[in-house]
Amino acid sequence: MKVEAGNAIKQDALVVGVTGHRFLSKKHCVRNGVVEALSRIVAAFPNRSLAALSSLAEGSDQIVAEEALRMPGTELIVPLPFRLSEYAGSFVSDESREGLDRLLPMATEIVVLPEKETRQEAYCALGQYLAESCDVLLAVWDGEPAQGPGGTADVVNHARALGKPLVIVLAGNREPGTNTPATLGNSQGSVVTERFPPI
């Protein structure tokens, strides 16, 4: 299904934008952190159904989508930086492609963003769309600068500039120039929030 950007989200839902690292170590710690992050969002914004806004990239995006969909009434909105066939071809592992194939049919809507001249521009536009379209941003992030255009740090910084509430699951990124995930040690999977209402 293809819809125009901006038409996919129910007005009464709390839209949780999702961004995060693709390659993760200690995934069980990250998943536990995501569960805690979602619980904090529900507690801070009661009586709102959730709409997870996730591009279903490998790693963090798929973990958040899986855990959000376990919560009753949650919708999944999938924004894509370019057409699906090209996007799926960018996935590195069979596991991540299988995750995309499994989760995509659960989406309420798929939003294919307007075409850009380069992939870098497309990923930057996706990050801007996530930050601008969400009510809350959930980021699986190490707190460091992005390793490429439109990376997690760029999305977080854009959401901060817009004054959006943030919930951050601390997690190591990949080693620069590789797909080898790093860890934050005992902090891996810890949760911090910014601009959250008191619970």
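Which residues are linked in a network of salt bridges?

1. Arg-31, Glu-66, Glu-67, Arg-70 and Arg-102 form that network, a salt bridge being a side-chain nitrogen of Lys or Arg within 4 Å of a carboxyl oxygen of Asp or Glu. The structure holds eleven salt bridges.

2. This is a predicted model, in which local features need pLDDT of at least 70 and side-chain atom pairs count only at pLDDT 80 or more, while totals for chains, interfaces and linings use all residues. Residues are numbered from 1 along each chain as its sequence is written, and side-chain values use heavy atoms, with hydrogens and water left out.

3. Glu-66 is buried at a relative accessible area of 17%, whereas Arg-31 is partly exposed at 27% (buried means under 20% relative accessible area, exposed over 50%, partly exposed in between, with a 1.4 Å probe and protein chains only).

4. Arg-22 and Glu-58 form a salt bridge whose closest N and O atoms are 2.4 Å apart. Arg-22 sits in the loop between β1 (14-20) and α1 (27-44), and Glu-58 in the loop between β2 (50-53) and α2 (60-69). Arg-22 is partly exposed at 36% relative accessibility, but Glu-58 is buried at 5%.

How values were computed. Helix = DSSP H or I, 4+ residues; strand = E, 2+ residues; numbered from the N terminus.
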